[in-house]
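Please open the structure in your viewer and keep the selection panel at hand. The tour goes from one selection to the next and says what is to be found at each stop.

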Amino acid sequence: MDVTSILDAQKAKQQNVTVEKETPLEIDAGHLMVSDLNPIDEESYNENLEDHLRALARDGTQALLAALFSLPTQKSADGPLAQLPARTYQLPRQKQLPKPKPPTKWERFAAAKGISHVKRDKKEWDEERQEWVNRWGKDGKNRRVEEQWLTEVKRNADTDHNPQLAARHERKERIAKNEKQHLANLARASGSSASGPSSRKAELEKSIATTRASTASMGKFDRKLDGEKKLRGVKRKFDPAERSVVDEQKSALKLIGSMDSDARKMRKAPRENEEGSVNARKAIRFASKGKGAASMAGGETRGKSSFAKGKKGGRR
Amino acid sequence: MLRVIKPKTARSKRALDAREPKEVEDPRTVIFVKGTHTGEVVNGVFKDLMALKRPHAVAFNKKNVIHPFDSATNSSTTSSSAAGSSTSIASLEFWAAKNDASMFVVGQTTKKRPNGMTFVRMFDGRVLDMIEVGVENYKAMADFKTPKSTPGNKPLLHFASELFDTHPRFIHLKSMLIDFFNGEEVDSISLIGLEHVISISLGPTPSTLNDATSMSLLPSTYSADSVQANPLAAVASASFIASSLPPTAATSLAMASASLPKVHIRAYTTKLLSSGVRVPRVELVPMGPALDLVLRRSQAPDADMLKLAMKRPKLKKTDVEKGLGKKRKNVEVDEMGDLRGRVHVGLQDLSKLKGRRMKGLQEERPGKKQRIEEDDGDDDMDDE
């Protein structure tokens with residue numbers, strides 16, 4: 001048996017699918033990417049661009065496929081799935097990394113006890129009826145007692161007892177409890193600075209203090225109720241009478257500086273005035289005695305000559 | 001600028017939660033925006049690129065006045081400028097927030113820059129980086145009378161030229177194009193479903209680039225390994241270096257930008273032929289658009305923003321067991337998949353080791369020996 005010919009044939013076939021280049025091609029299987037770092041061949045490029053590009057791409061793709069086909073595979077319904085390795089080339093993210101949320105009270109308990117999450121389905125098998133029923137939603141099991149037309153009641157039950165209302169009340173309570181726990185989880189996650197009861201107490205005390213001072217005499221002459229704390233005023237602080245000269249100088253200069261500065265000016269933008277000109281608005285106001293520019297336009301002579309002002313001035 | 005919407009229905013709440021940041025992100029949604037004048041070429045390119053990018057692509061129908069490279073200096077002359085940045089950037093940020101998109105392609109044709117396209121990438125609602133290219137020699141997908149690949153398939157990417165690893169502008173372009181063409185990030189892929197390849201190659205490297213020693217444009221801490229880890233770091237810092245280069249090097253940089261090689265983008269469908277071995281032989285059939293691009297302006301990413309953008313989530317325990325993460329000395333994962341460590345204890349002098357007391361094994365004390373000698377024939381010994 002001549003095995004060499006078979007081996008040669010096998011080798012030739014293998015040659016068909018391997019790609020030999022000067023610098024081996026870098027393959028990032030995670031991104032399905034192949035980078036060919038060899039310099040571009042000028043002659044082949046100038047001769048026929050499209051063929052050159054196609055040949056380049058074919059070689060690159062062949063190398064990439066060789067790498068992909070050598071990855072471990074998993075059988076699935078759509079054929080073999082190659083397990084891709086981790087990505088080497090890093091791309092910038094679109095959004096910031098998600099902030100890790102603190103675990104909720106239940107999550108902490110479950111982690112401590114080792115309880116794993118079991119995903120429940122919407123439908124449940126009901127042995128009695130021998131069918132799949134909804135746990136919640138339309139014709140849900142949770143509303144069964146409210147929606148059924150007949151409910152058995154105990155012999156010693158109250159005459160007012162309405163089992164439908166009782167069941168509905170229970171369900172609403174469960175919802176409210178869940179809502180309360182959810183809000184408490186959110187408050188804990190958002191990391192509110194003060195704990196619940198103490199922050200509420202501080203708020204109440206603050207509002208009481210403001211109310212007490214909101215009278216006509218600012219709370220000074222009001223009678224105090226039993227159990228109310230004395231109102232604390234703000235204590236004024238005065239600098240000591242003897243200060244160092246340097247300190248005094250500094251504070252004086254600071255005061256002058258703030259007086260001079262534009263920090264607390266109400267009218268920010270400077271007026272569009274020519275240098276040294278008068279304030280036209282004020283001048284008109286003074287000259288016309290408040291009447292305005294229109295009254296000044298030739299109205300003086302008229303006023304002085306014909307219409308004499310006075311108690312009995314004017315036309316008779 | 002966008003008002004914060006409080007969800008009132010379960011469906012809107014789900015939609016809002018889908019926009020939250022995730023550890024492994026969805027592919028970037030691209031918005032194709034047309035400027036005031038586009039032209040036939042740009043319109044055709046947009047149609048083809050959108051076909052390649054479906055379903056993660058949105059096309060704006062109307063023309064918009066948008067100039068992404070409008071710098072902030074223009075707006076500072078007006079006294080009332082609410083936004084410090086130019087209004088084009090503000091528009092981009094608004095559109096990104098509204099459409100939950102993180103990438104833009106802005107098309108504009110002017111006399112000075114014919115058939116121009118600007119790729120803009122966003123991070124955290126702000127512009128990260130931009131690259132402007134000009135399209136020459138465009139052949140539409142419809143002109144190739146060949147079968148096309150299924151839309152939504154993940155493409156194979158092929159980059160050919162050593163400049164993609166050395167020249168900062170091409171490193172930047174490579175990162176941008178991978179982000180553009182990338183599909184979903186998957187852990188496993190069906191080998192039959194590898195239908196198309198997008199090949200991006202450059203023209204031959206002109207000799208001027210080689211003489212100008214493109215390596216000098218990169219920081220000295222640059223190394224081949226660091227490229228893969230953070231390729232854009234080289235680009236971001238190179239822009240700082242360019243501003244501080246000595247005059248001779250700066251002029252050579254300017255010269256080099258004029259003679260950058262062209263970028264050729266081609267898309268092919270793969271035909272797998274059976275060879276004798278497990279790996280099939282691949283033949284390519286040209287499918288999609290054929291574009292030749294010329295690099296124009298670009299804006300490198302800000303170093304701080306880039307650092308935030310490149311942050312990775314902490315490695316989970318399962319990954320560390322698989323062998324990822326930094327190699328720690330004296331710790332390794334054995335065949336069973338357990339993490340094993342070695343504890344090194346120094347040399348021990350076993351003679352000085354203190355074990356349990358056993359009277360018979362104890363050494364006789366010297367004092368005791370003397371007493372034995374003195375008391376001859378005395379059998380009763382006191383206890384120690």
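Two strands are said to pair if DSSP finds at least two bridges between them, where strands (E, at least two residues) and helices (H or I, at least four) are DSSP runs numbered from the N terminus. This is a predicted model, in which local features need pLDDT of at least 70 and side-chain atom pairs count only at pLDDT 80 or more, while totals for chains, interfaces and linings use all residues. Residues are numbered from 1 along each chain as its sequence is written, chains are lettered from A and ligands numbered from 1 in the order in which they are written, and side-chain values use heavy atoms, with hydrogens and water left out.

**Stop 1: a strand inside chain B**

Begin by selecting chain B, which has 13 helices and 13 strands. Of its 384 residues, 40% count as buried, buried meaning under 20% relative accessible area, exposed over 50% and partly exposed in between (1.4 Å probe, protein chains only).

Now select residues 156-160 of chain B, which are strand β6. Five of the five residues of β6(B) are buried, so the strand is largely enclosed by the rest of the structure. In a regular strand the side chains alternate between the two faces of the sheet. Here B:Leu156, B:His158 and B:Ala160 point one way, whereas B:Leu157 and B:Phe159 point the other way.

Which strands lie alongside β6(B) in the parallel sense? Within chain B, β6(B) pairs in that sense with β8(B) over five bridges, and B:His158 stands opposite B:Ser199. From chain A, β2(A) pairs with β6(B), also in the parallel sense, over four bridges, and A:Val34 stands opposite B:His158.

**Stop 2: B:His196**

Is B:His196 buried or exposed? B:His196 has a relative accessible area of 4%, and therefore counts as buried. Contact means heavy atoms within 4.5 Å, and, leaving aside neighbours within four places in sequence, B:His196 is in contact with residues including B:Asn153, B:Leu156, B:Tyr268 and B:Met287. The side chain of B:His196 also makes a polar contact of 3.5 Å with that of B:Ser149; a polar contact is a pair of N or O atoms within 3.5 Å, where within protein one must be able to donate a hydrogen and the other to accept it, and residues adjacent in sequence count only if both atoms are side-chain atoms.

**Stop 3: the interface**

Show both chains together and colour the residues that touch across the boundary: 54 residues of chain A are in contact with 74 residues of chain B. The area buried between the two chains is about 6,100 Å², of which carbon and sulfur atoms give 59%; buried area is the accessible area (1.4 Å probe) that two parts lose on being put together, summed over both. If you select A:Phe69, A:Arg93 and A:Gln94, you have the three residues that supply 14% of the area that chain A buries against chain B, more than any other three.

Between chain A and chain B there are 33 residue pairs in polar contact (both at pLDDT 80 or more). On the side of chain A that touches chain B, α3(A) gives the most, with 15 residues.

**Stop 4: salt bridges across the boundary**

How many salt bridges are there between chain A and chain B? The count is four, a salt bridge being a side-chain nitrogen of Lys or Arg within 4 Å of a carboxyl oxygen of Asp or Glu. Among them, select B:Arg266 and A:Glu50, whose side chains meet at 2.9 Å, N to O. This pair runs from strand β9 (residues 263-273) of chain B to helix α3 of chain A; B:Arg266 is buried at 5% relative accessibility, whereas A:Glu50 is partly exposed at 37%.

Then select A:Arg93 and B:Glu25, which form a salt bridge at 3.4 Å, N to O. A:Arg93 lies in the loop between β4 and α4 (105-113) of chain A and B:Glu25 in the loop between α1 (10-18) and β1 (30-34) of chain B, so the pair joins two chains. A:Arg93 is buried at 5% relative accessibility, and B:Glu25 is buried at 15%.

**Stop 5: a salt bridge within chain A**

Finish at A:Glu146 and A:Arg171, which form a salt bridge with the closest N and O atoms 2.8 Å apart. A:Glu146 is in helix α5 (residues 144-147) and A:Arg171 in helix α6 (residues 163-189), so the pair ties together parts that are 25 residues apart in sequence.
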